[in-house]
Amino acid sequence: MRTMLLAAAVLATMVSADVTGPWRVTEEVFQEFMREEGREPLYRWEDFGTQRMKVIKRFTAWAADNLKDESSIYNVMTWIGRKAGIVTGTTVQEDLESLAASNTPAEFVTKAQAAAKKYSAIMKRGATFGKEPEDFVPINGAENPYPYWGFIPKLKGRAMGSGSATWENIGCKSNTATSTWNSDKTVMTIELSADQCDPSHSGDVYLFITVDGFLLEKLSADKPKKTVHWLVPAEFKKSIHYDAETKGVRIMGFLHDEGQLMIDVLESLLMFLQPEAGSYPDFPSEEAMMRNIYFLTNYQRLQPFMKARVHKNITEINPDLVQSGDFIGVIRLDGLDPMLGWAMGSATGHTTVAMRDPSGALFITESTTNSSYWPTNGIQRTPFDLWMKQALAAGYNAVWAPMDPVVRAKLNQTAMWEFFYENEGFQYGYQNMLWGWVDTVENNYPCTPVDGFTQCLTWDIIEVLFSVVGGAWPLAGELIWDQSWNKRLNTTGLPPDDLYMYAETQLNMSSSIIPTIVEEDSWLYNTSRNWKPAVGKSMVCCVFVCNMWKAGGLFDGKTVNCAEMTNVDDYDQAIFNKAMMNGGRPEVCQTYDPENENCQMVGPFTLNLNSYNKAPLYDHQCEHCPSWQRGVGPDYWPAGKQNATC
């Protein structure tokens with residue numbers, strides 16, 4: 001909730017401001033910002049979690065300093081209140097100042113929980129909750145039923161320093177950006193003009209952005225003309241000039257006015273932030289789970305849709321039935337798992353593999369992170385009974401997929417254990433968590449139903465966003481994209497803007513190709529093991545599961561990079577036991593979940609695996625596949641974009 005309040009404040013103030021130049025946030029500027037009023041900067045030796053907490057607290061203080069008149073956030077809250085039928089005089093000034101004045105993390109969390117309870121009550125009144133997931137309606141849902149990720153912008157045009165770009169939008173039908181460079185190409189002047197504007201519409205909101213700077217602007221019936229001076233000083237490095245001169249200032253348009261954009265941000269964050277109000281082990285709130293199921297039903301559209309189970313606790317299957325190599329798929333309705341599943345076209349957001357040691361003891365092995373609901377970090381093994389208890393307490397929905405006994409008989413379980421011990425304790429695979437998923441230039445990035453699945457995350461957005469964030473917050477860049485992108489181009493230590501220029505000028509390769517280059521299993525990353533710096537494999541959950549199978553010989557005779565596997569790629573392989581599906585399941589599974597073809601082990605909501613047990617094993621498996629082809633398929637991507645080998 002603290003992040004939600006901050007996002008609302010920042011967006012509201014920036015949209016309403018008359019900005020005439022880009023906001024550049026270099027690492028130096030960001031560190032100065034962090035140090036203000038005697039606060040601590042970010043230290044290179046700190047872990048990501050510590051830095052994240054510092055950044056949240058600093059931004060909270062900044063928001064309090066910049067909301068003294070309360071006008072922007074008050075207007076937004078009032079707008080939401082009117083839409084939701086609420087008359088509210090709620091302010092956030094004192095709450096923000098109180099959070100910023102926290103002396104310890106524990107005090108901060110306590111205050112944040114109190115604020116979450118206060119403001120979620122207001123937001124909850126703006127939404128409709130019922131006894132079943134299908135009864136939920138988001139804030140302002142009657143007018144716009146698709147608020148989640150509705151703030152993803154769409155490229156409308158580029159200001160190139162010569163000529164004009166034209167486009168249509170919701171509020172103003174005819175828009176033009178005419179741009180010119182000065183003589184030494186250090187200032188681009190962009191003249192914005194809107195025509196045919198609807199006077200009842202509050203205005204179209206735009207994000208202007210390059211690899212090192214951005215600003216927000218609005219064109220409306222009462223303010224149809226603006227001038228932007230985009231500065232690119234001569235002393236800036238070559239890659240920044242290259243980007244501005246060859247790709248221009250991207251003009252990204254939002255689909256909604258600022259009021260609905262606020263709701264888009266708020267509803268999206270509520271999927272993630274509601275669970276934070278609890279204490280360890282943190283079980284997602286009813287409101288958060290309803291939002292997440294609504295999101296999956298309307299955005300992912302994998303059927304059968306999740307619904308409440310009659311039996312919500314552990315399914316009492318005989319643990320002797322669970323054997324080495326068996327797959328257990330998980331989704332936790334906490335915002336993150338559903339978002340990952342949406343992007344991958346997968347019913348799950350997390351995967352694990354069962355293993356029995358030489359004594360016969362049963363463990364669940366996995367790659368995950370410690371958190372408010374899970375106690376252990378990195379690649380780990382947990383005794384089966386303990387894992388089931390932790391899964392129940394964490395709010396997991398988990399389904400068991402037994403391996404085909406013929407396939408299992410061929411696995412070298414000794415080699416699988418050797419692989420596990422070689423990698424036990426390594427950090428979760430942040431370094432390549434996104435890039436094994438992205439195989440294509442367009443068809444892996446998710447779209448929203450808000451405009452008929454035409455409003456999509458695109459490389460145009462990712463290209464500039466990751467460069468801006470990485471320049472301001474190096475650890476985020478180093479952890480999530482810098483290393484993996486350098487691996488792909490056989491370079492070392494280049495930030496995104498330099499990588500883009502290198503790819504295009506030295507390799508004659510569009511920057512959009514970089515994420516699609518195959519992730520090799522042989523690549524090693526600078527990471528950590530048991531919290532100490534180390535060099536090793538980077539494996540997210542599904543990559544680890546695949547690598548365990550690979551170590552056992554599942555893909556012998558074939559060239560397979562497990563780093564290219566997503567959740568659905570693990571469980572759609574034709575390696576599972578058909579005799580243990582549907583009517584062949586243990587009787588207790590058939591009783592508790594009669595419509596599930598697999599056996600659900602735990603969880604308050606049903607989990608069905610889409611495209612289960614159907615894909616043959618083949619060379620270079622899943623290296624060039626769209627994300628949605630197996631799931632909603634033609635309903636999502638035009639038939640001509642399908643890849644028959646995936």
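Predicted model: local features only at pLDDT ≥ 70, side-chain atom pairs only at ≥ 80, totals over all residues.
1. The side chain of Asn561 gets to within 3.0 Å of the backbone nitrogen of Asp521.

2. Residues are numbered from 1 along each chain as its sequence is written, and side-chain values use heavy atoms, with hydrogens and water left out.

3. Where does Asn561 lie? It sits in the loop between helix 17 (541-551) and helix 18 (567-571); helices (H or I, at least four residues) and strands (E, at least two) are DSSP runs, numbered from the N terminus. Its relative accessibility is 8%, so Asn561 counts as buried (under 20% relative accessible area; exposed is over 50%, partly exposed in between; 1.4 Å probe, protein chains only).

4. Setting aside neighbours within four places in sequence, Asn561 has contacts with Val518, Glu519, Glu520, Asp521 and Glu623 (heavy atoms within 4.5 Å).

5. On to the second largest pocket. Its lining counts 22 residues, with Lys237, Gly470, Gly471, Ala472 and Asp497 nearest the centre. Helix 14 (459-472) is among the helices that each supply at least two lining residues, and helix 14 gives the most, with five. By type, the lining splits into nine nonpolar, four polar and nine charged residues (Ala, Val, Leu, Ile, Met, Phe, Trp, Tyr, Cys and Pro are nonpolar, Asp, Glu, Lys and Arg charged, the others, Gly among them, polar). A pocket here is an open set of points on a 1 Å grid over the protein atoms alone where a 1.4 Å probe fits, with protein on both sides within 12 Å along at least five of seven lines; lining residues have an atom within 4 Å of a point.

6. Last, the hairpin: four residues join strand 5 to strand 6. Strand 5 (residues 204-209) pairs with strand 6 in the antiparallel sense over six bridges (pairing needs at least two DSSP bridges), and Tyr206 has Glu217 as its bridge partner in strand 6. Six of the six residues of strand 6 (residues 214-219) are buried.

Technical notes. Polar contact = N/O pair within 3.5 Å; in protein donor to acceptor, adjacent residues only side chain to side chain.
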